[in-house]
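Let's take a friendly walk through a protein model together. Have the sequence and the 3D view ready.

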Amino acid sequence: MKLKDSLMRFKDSLMKIKDSLMRFKDSLMKLKDSLMEFKGSLMKLKDSFTSIKDSLMKLKDSLMQFKDSLMKLKDSLMKLKDSFMKFKDLLLHSKIYLPNPQSPIPNPQSPNPQSPMPKIRVLIVDDAVVVRSRVSKILSSDPELEVVGVAANGRIALAKISHVNPDVIILDLEMPEMDGLQTLAAIRQKYPRLPVIMYSTFTHSGAIATLEALSLGASDYATKPSNLGSVEATTQHIRDDLIPKIKVFGTFFTVSAITHPVIFPVQSDIQQVEVVAIGVSTGGPNALAVVLKEFPADLSVPILIVQHMPPMFTKLLAKQLASKCQIPVNEAVSGQILKPGHAWIAPGDFHLIVQRDKTGVRLVTHQASPENSCRPSVDVLLRSVAQVYGGGAIAVILTGMGQDGLHGCQCIREAGGQVIAQDKATSVVWGMPSFVVNAGLANKILPLNEIANEIMHRIGFNQVPPSDL
């Protein structure tokens, strides 16, 4: 009986275990169903995110289309403005007379007033809407300038040139689709004489690209304002740096002859040449490359150079020139002793002078006030060269706008030194050389490709016949 009872209890236990297993199985099935429902919810959530992503992409595309439409609308409005201005000018300068009851009728026998000079037509190429808008506004405020078009990249600009017929192009370097260097190369192929001013950022990469652009045929460059602290300072920077260059290249640049040039007597006892000082501005990097690469490695005198450029640019220019020349070319460092067969470029934002001490002649840089709105200034360098070397100096004035170097060349001539000026035909801008020439200060006026030989002739054969002086 006990065994039977035990078996019965064992059987009951097995039944309970079976019931527990069945309940466990039911729980697993419910868990499986819950997991399937959760999976379904995740799939729906994924589909929802995908739908949201697709909606955002469509929204982005719509915004891009809207932006393109706004750009096209802006270009259309600019064209409409240009058409209106042309129509206005036509009314003002045509022979049609629209009488005003309160104004006297002009006498047809009286001479017509002189027609105003045509405005300089400018095309602005920059991918930044803010830059295009700001520069357009500032340039348009100048009565001598007219913004005839804007373009967001090089391809658009190339398509517009024949339609808007600009006198000057302002060209950004970093742009999508077709950057500034590619655009410049295309412009030079089709419009070799159209002035192009590169508009670059004041950065290391911007300086490198700008120098490359100048070597590819850019007329000049201007740096974009950055970290100036106010809208007024930014506006003034553009007016001071960019607008004068536009006016130089957008008009026929001439300098009135000086009525009473300085006359220096011919010297028969020319002093041995000890130094050559070169002053240059617009068009300078290419001009310097042409002159300096002709000098041999054993050149017997040092070369001092003032090129109007901002900091960073002058160091990169020295490096670029050194790669093309037989003589070392470096950015000047204060305290260095001058050595024959070496060239030094004044660092941007520093004047460069020379001083003699017991060990020799040293370079000195300083940040005194700008002269002729320039730092470095050619005048500052030439004055010190005249004081230290006297008649043993040759001053060379190459292409550039303005008159920096004029007073310095007078100091060189008064000290018995010699002056060579680049001619008009080979100058990008015949400003600095023209002031020297018109003042009667130049011993010789030469095309760019003859200047290096003339310098070497005067160094090696200092007893020059009077007719050549």
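This is a predicted model: local features need pLDDT of at least 70, side-chain atom pairs count only at pLDDT 80 or more; totals for chains, interfaces and linings use all residues.

Residues are numbered from 1 along each chain as its sequence is written, and side-chain values use heavy atoms, leaving out hydrogens and water.

Start with F38, which sits in helix α1 (residues 2-93); helices here are DSSP runs of H or I with at least four residues, and strands are runs of E with at least two, numbered from the N terminus. F38 counts as exposed because its relative accessibility is 51% (exposed means over 50%, buried under 20%, partly exposed in between, with a 1.4 Å probe and protein chains only).

Now find helix α3 (residues 154-164) and helix α4 (residues 180-190), which pack at an angle of about 20° with axes 9 Å apart. That makes the two roughly parallel (angles under 35 degrees count as such).

Which side chains does D126 meet in a salt bridge? The partner of D126 is K224, at 2.8 Å from N to O; a salt bridge needs a side-chain nitrogen of Lys or Arg within 4 Å of a carboxyl oxygen of Asp or Glu. D126 lies in the loop between β1 (120-125) and α2 (129-140), and K224 in the loop between β5 (220-223) and α6 (231-241), so the pair ties together parts 98 residues apart in sequence. Both D126 and K224 are buried.

Terms used:
Axes are lines fitted to C-alpha atoms, for helices over the stretch in contact, and angles run from 0 to 180 degrees between N-to-C directions. Angles under 35 degrees count as roughly parallel, over 145 as roughly antiparallel, 65 to 115 as roughly perpendicular and the rest as oblique.
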